[in-house]
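Keep the sequence and the 3D view open as you read.

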Amino acid sequence: MLTRIDHIGIACHDLDTTVAFYRSTYGFEVCHTEVNEEQGVREAMLRVNGTSDGGATYLQLLEPVREDSAVGKWLAKNGEGVHHIAFGTPDVDGDAAAIGGKGVRVLYEEPRTGTMGSRITFLHPKDCHGVLTELVTSSPEH
């Protein structure tokens with residue numbers, strides 16, 4: 001089932017300023033940036049470490065590009081901070097179905113494309129003790 005913490009998503013008002021903080025404070029470097037139009041965010045992935053299964057753990061910094069995006073709405077309500085936790089899995093479809101079978105609401109009927117070509121879905125925070133939870137199957141190229 002779940003193999004690792006893939007990333008922690010952090011919502012921010014200014015991506016460049018937040019990247020500069022993590023770079024100067026912790027020495028983390030950006031390994032990937034993109035704009036995800038479907039999710040309405042500009043994002044940077046900062047690699048924290050690698051794992052024995054070939055995956056890695058990242059911080060995902062998220063700046064909304066639209067106020068009506070999920071992250072934009074969340075940021076307006078809550079301010080900057082931890083937005084979600086993501087667990088890596090080799091089978092996002094199977095694990096989402098299994099977890100959904102235990103009564104946890106899965107937010108996407110079919111997984112969507114996430115950062116670096118990954119396949120993702122989210123679990124409802126009200127069913128996960130207040131934590132928005134993402135399931136991620138990394139792209140073979142990453």
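Q: In what order do the elements of the protein run from the N terminus on?
A: The order is β-α-β-β-β-α-β-α-β-β-β. That makes three helices and eight strands. Please keep in mind that this is a predicted model.

Q: How do you know whether the radius of gyration of the protein agrees with a compact globule?
A: Set the value against the rule: a compact globule of 142 residues would have a radius of gyration near 14 Å, and the protein has 15 Å, so the two agree. To picture the outline, the C-alpha trace spans about 40 × 35 × 25 Å along its principal axes.

Q: How much of the protein is buried?
A: Of the 142 residues, 45% are buried; the label requires a relative accessible area under 20%. The accessible surface comes to about 7600 Å², and carbon and sulfur atoms account for 52% of that surface.

Q: What share of the contacts joins residues at least 24 apart in sequence?
A: Counting contacts between residues at least 6 apart, 56% join residues at least 24 apart.

Q: Where do the positive and negative charges lie on average?
A: There are 12 positive and 21 negative charges, and their mean positions are 5 Å apart.

Q: What makes the phi of Met116 worth a look?
A: Most residues other than glycine have a negative phi. Met116 is not a glycine, yet its phi is positive, near 55°. You will find Met116 in the loop between strand S6 (112-113) and strand S7 (119-123).

Q: Why is Met116 called buried?
A: The cut-off for buried is under 20% relative accessible area. Met116 has 13%, so the label buried applies.

Q: How does His129 count, as buried or exposed?
A: Exposed means over 50% relative accessible area. His129 has 81%, so it counts as exposed. His129 also has a positive phi of about 55° without being a glycine, and it lies in the loop between S7 and strand S8 (133-137).

Q: Why is the pair of Phe21 and Tyr22 called edge-to-face?
A: The structure holds five aromatic pairs, and Phe21 with Tyr22 is one of them. Rings pair if their centres lie within 6.5 Å, and planes over 60 degrees apart count as edge-to-face.

Q: What makes Phe21 and Tyr26 a pair, and of which kind?
A: Their ring centres are 5.8 Å apart and their planes are at 85°, so this pair is edge-to-face. Phe21, Tyr22, Tyr26 and Phe28 form one aromatic cluster.

Q: Why is Glu29 called partly exposed, and where is it found?
A: Its relative accessible area is 45%, which lies between the 20% and 50% cut-offs, so Glu29 is partly exposed. Glu29 is found in the loop between helix H1 (15-26) and strand S2 (30-36).

Q: Which residues does Glu29 contact, leaving aside neighbours within four places in sequence?
A: Glu29 is in contact with Arg23, Met45, Leu46 and Arg47.

Methods: Residues numbered from 1 in each chain as written. Predicted model: local features only at pLDDT ≥ 70, side-chain atom pairs only at ≥ 80, totals over all residues. Heavy atoms only, no water. Helix = DSSP H or I, 4+ residues; strand = E, 2+ residues; numbered from the N terminus. Rg over C-alpha atoms; globule rule 2.2 N^0.38 Å. Buried < 20%, exposed > 50% of the residue type's maximum accessible area, 1.4 Å probe, protein only. Contact = heavy atoms within 4.5 Å. Areas by Shrake-Rupley, 256 points an atom, 1.4 Å probe, with all protein chains shown as cover. Lys, Arg positive; Asp, Glu negative; His and termini not counted. Charge placed at Lys NZ, Arg CZ, Asp CG, Glu CD. Phe/Tyr/Trp six-rings, centres within 6.5 Å; stacked < 30°, edge-to-face > 60°.
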